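Dear colleague,

I am passing a structure on to you with this email, and my notes on what was found in it follow below. Please read them with the structure open beside you.

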Amino acid sequence: MGDSPAAPPPRNDSPSPRPDASGPDADVNRVRVLVVDDEPQILRALRINLKARGFDVTTAASGAGALRAAAETNPQVIILDLGLPDIDGFEVLAGLRGWTRVPVIVLSARTDASDKVAALDAGADDYVTKPFGMDEFLARLRAAVRRGATVPLSTEQPVVEAASFTVDLAAKRVTRDGAEVHLTPTEWGIVEMLVRNEGKLVGQKELLQEVWGPSYGTQTHYLRVYLAGLRRKLEPDPANPRHLLTETGMGYRFMR
């Protein structure tokens with residue numbers, strides 16, 4: 001396969017409010033929806049149908065475009081195709097779940113039960129297979145909107161800039177002095193959890209169980225080893241850390 005074409009910029013279509021909005025979709029007027037699919041006809045059909053019902057629609061045709069649009073528009077619901085040309089939909093979902101709890105409806109031609117289970121386990125809220133009926137899809141979208149209304153909109157920023165390094169929660173990437181820092185999956189898990197709880201003490205047991213699993217809650221020596229390695233990679237003076245702080249006997253804290 002050749003190189004994937006450059007991702008087009010996300011498209012935003014904001015409908016004018018309808019003065020006589022009524023019917024089952026009236027309560028979702030102006031809800032921000034991000035639609036991610038590489039099939040132009042599906043993007044067009046969803047854009048037209050959602051605009052007609054008062055949604056504020058942004059579209060993206062690639063995984064990179066989806067992550068960028070999610071960071072820029074902070075949508076209240078995301079409709080995500082799994083078969084994207086540049087980044088697998090599961091990776092996009094993982095990137096989103098790194099910083100936002102917005103409801104995600106997966107829209108995919110993959111019909112195997114294993115794909116559905118994997119998507120739901122990865123953080124999707126619903127799974128709709130192609131081809132789909134518009135009435136049923138809109139009902140599922142309304143349900144996602146209602147569920148999302150009980151979840152506070154994310155106040156986290158997908159990119160967190162510390163004095164010495166930058167953490168991109170959506171892209172799962174850390175840079176220092178403009179260069180990407182290679183982190184192992186375990187190192188990333190530690191950094192992600194600390195950054196998402198900026199300024200808060202994250203207990204040793206909580207961090208161990210989140211990154212390694214439920215049976216590792218007492219293995220505190222793991223944390224000492226990995227935090228020392230992370231400080232060598234990220235702190236200007238690893239012996240006197242400014243960002244990855246230890247609270248002796250209790251846990252760790254991230255400070256910008």
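**Paired strands and nonpolar cores**

Asp168 stands opposite Arg173 in β9. Please keep in mind throughout that the model is predicted. The pairing to which these residues belong is antiparallel, with strand β8 (residues 166–168) joined to strand β9 (residues 173–176) by three bridges. Between β8 and β9, which form a hairpin, there are four residues, and in this turn Lys172 has a positive phi of about 55°.

On to the next pairing: β9 also pairs with strand β10 (residues 179–181), again in the antiparallel sense and over three bridges, and here Arg176 has Ala179 in β10 as its bridge partner. The hairpin of β9 and β10 has two residues between the strands, and Asp177 takes a positive phi near 55° in it.

As for the nonpolar residues, the largest core holds 46 of them, and the members that touch the most others in it are Ile78 and Val174. Helix α6 (residues 185–196) gives the most to this core, contributing six residues. Apart from this core lies another, of 19 residues, which include Val57, Ile79, Ile105 and Ala144.

Val174 deserves a separate entry: if residues up to four places away in sequence are not counted, Val174 touches Phe165, Thr166 and Val167, then Ala179, Glu180, Val181 and Leu183, and also Trp188, Val191 and Leu234. Ala179, listed among these contacts of Val174, is the residue already mentioned as the bridge partner of Arg176.

With best regards

Terms used. Residues numbered from 1 in each chain as written. Predicted model: local features only at pLDDT ≥ 70, side-chain atom pairs only at ≥ 80, totals over all residues. Heavy atoms only, no water. Pairing = 2+ DSSP bridges. Core = buried A, V, L, I, M, F, W, Y, C linked by side-chain atoms within 4.5 Å. Buried < 20%, exposed > 50% of the residue type's maximum accessible area, 1.4 Å probe, protein only. Contact = heavy atoms within 4.5 Å.
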